[in-house]
Amino acid sequence: MDSALSSPSLNADSQVEKYVVCVNTFKVVLRLCKVGGLADEALMVLKKMPEFNIRPDTTAYNLVIRSLCEKGDMDMAKQLMGGDGFGIVEKAFELLAEMEKEGEGCRPNVITYTSVIQSFCEQGRAKDALSVLELMEVRGCAPNRVTASAWINGVCMNGQLQDVYKFIERIVGGGSVSMGDCYSSLVVCLIKIKKVEEAEKTFRMALSSGMKPDSLACSMMIREICSEKRVLDGFCLYEEVEKTGCLSSIDIDIYSILLAGLCQKSHSAEAARLARSMVEKRIPLRTPYVEKIVEHLKNFGGKELVAELVSMVR
DNA sequence: GTAGGGTTAG
C-alpha cells in the first residue's frame, strides 16, 4: 500500500490527464481499507487526497475514523490479554477535531461523533465518551438512538451497569432520543450478557411505564422466555406488547415459536387465539413447526382455522 | 456503499 501510493505511476500529476479522480474514487479505496482492517493505510490515503486537489468530505473522514476505531478496539482487546496498544482512538479523535477546524464540507455529523463515542465506551473510557457527547451537543449535533445504543452497549459490556440509568436520564433529557429506544437497547444488552432476569424486569417496567420497546427488544425478550419453556408467560407478554401497538415489525418467527409452545403444552385456548390472530394478520407459519402445530390444533382450533393457517405456509 | 442489539427445529 505504501509503495503503491508513493510510486511514480500513482501521483497526482500523472493521473490528471488519464483519469478523473474524484472524492468517490477515494471513498472506494477508503472503504476497502476499512473492510481490510487497514486503518493506518486509510489515514495515509486521506492525507494524500489534497495532492489530487480533492477535499475529503464528511463520509470520507468518517470511513477513516471508523477504521481507526475498529483497530483501536482490537488493540484494546490485545491489551486486555497482556499485550500493548492504546491510543488509536486518540487518532480518531484528532481527526474529528480536524474536521471541526476544516469547516464546511466535512463538518462532523452524528455518525462521526457516535463512532468515537462507541469506541471510547467499548474501551471502558466513559469519561472520554462523555466529553465527546458534550462536544457534539455544544456543536448543535443531536445524539440519536444509535448514539445512545453505542453508549449503553459499551457500558453494559464493561459491567458498569450502575451508571447506565444516569446516562439514560441525561440523554433522554436532551430531547432527541426516546426512553423506549434507550430501554430497548438496554434489554438487548442485558440478554446478550445473560442477565435475562434483569432484562425481563427492565422490559416489563418499560412496558408498564408506557414506553414502546422496539421490535428487536420485543422479539428477543419473548424468544428468551420461550426458550426457558415459559411459553404461557411469553404469550402473555406478547399480548401485552400487542396492546401497546408496537408489534408491527416484530420478528414473525416469534408467532410460530409461541404457537408451537402453546400447542405442545396443551394451552389450547391460547393457541387457538394466537392462530386466529395470525390468520387475521396473514402471518405465515414457519415450516419447521407446521406438523406439530397442525396436529395439536386440529383438535381444538377447528378444521377451518388449521386449513387457513396451512394455506399461508411459505 | 458513513452507524447498531440477535436467532436459525423438538
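At 13% relative accessibility, Arg-125 counts as buried. The term buried means a relative accessible area under 20%, exposed means over 50%, and partly exposed covers the values in between, computed with a 1.4 Å probe and with protein chains only. The model is a predicted one, in which local features need a pLDDT of at least 70 and side-chain atom pairs count only at pLDDT 80 or more, while totals for chains, interfaces and linings use all residues. Residues are numbered from 1 along each chain as its sequence is written, chains are lettered from A and ligands numbered from 1 in the order in which they are written, and side-chain values use heavy atoms, with hydrogens and water left out.

## Salt bridges

Arg-125 meets Glu-90 in a salt bridge, at 2.6 Å from N to O. A salt bridge is defined here as a side-chain nitrogen of Lys or Arg within 4 Å of a carboxyl oxygen of Asp or Glu. Glu-90 belongs to helix 6 (residues 88-102) and Arg-125 to the loop between helix 7 and helix 8 (126-138), so this pair ties together parts that are 35 residues apart in sequence. Helices are DSSP runs of H or I with at least four residues, strands are runs of E with at least two, and both are numbered from the N terminus. Glu-90, at 29% relative accessibility, counts as partly exposed.

The structure holds 23 salt bridges. In another of these, Lys-71 pairs with Asp-40, and the closest N and O atoms are 3.9 Å apart. Because Lys-71 lies in helix 5 and Asp-40 in helix 4 (residues 39-48), the pair links parts that are 31 residues apart in sequence. Lys-71 has 24% relative accessibility and therefore counts as partly exposed. Asp-40, at 36%, is also classed as partly exposed.

A further salt bridge joins the side chains of Asp-214 and Arg-145, at 4.0 Å from N to O. Asp-214 is placed in the loop between helix 12 (196-208) and helix 13, and Arg-145 in helix 9, so the two tie together parts that are 69 residues apart in sequence. Asp-214 counts as partly exposed at 22% relative accessibility, and Arg-145 counts as partly exposed at 47%.

## The surface around DNA strand B

A residue is near a strand if one of its heavy atoms lies within 4 Å of it. Among the atoms of DNA strand B within 4 Å of the protein, 28% belong to sugar or phosphate, and the rest belong to bases.

| Residue (polar side-chain atom) | Atom of DNA strand B | Distance |
|---|---|---|
| Lys-34 | phosphate oxygen | 3.1 Å |
| Asn-62 | base oxygen | 2.5 Å |
| Lys-192 | phosphate oxygen | 3.0 Å |

Helix 3, helix 5 (58-80), helix 7 (110-122), helix 9 (145-157), helix 11 (179-192) and helix 13 (215-227) are the elements that give two or more residues to the surface near DNA strand B.

## Helix 15

Ser-256 lies in helix 15 (residues 253-264), and its relative accessibility of 0% is why this residue counts as buried. A polar atom of the Ser-256 side chain lies 2.8 Å from the backbone nitrogen of Arg-286. Not counting residues up to four places away in sequence, Ser-256 touches Met-278, Pro-284, Leu-285, Arg-286, Tyr-289 and Ile-293. Contact here means heavy atoms within 4.5 Å.

Asp-253 also has its place in helix 15. Leaving aside neighbours within four places in sequence, Asp-253 is in contact with Arg-223 and Arg-286.

## Two loop lysines

Lys-194 has a positive phi of about 70 degrees although this residue is not a glycine. Lys-194 lies in the loop between helix 11 and helix 12, and counts as exposed at 70% relative accessibility. Lys-229, likewise not a glycine, has a positive phi of about 65 degrees. The loop between helix 13 and helix 14 (231-243) holds Lys-229, which counts as exposed at 58% relative accessibility.

Note on methods: Polar contact = N/O pair within 3.5 Å; in protein donor to acceptor, adjacent residues only side chain to side chain.
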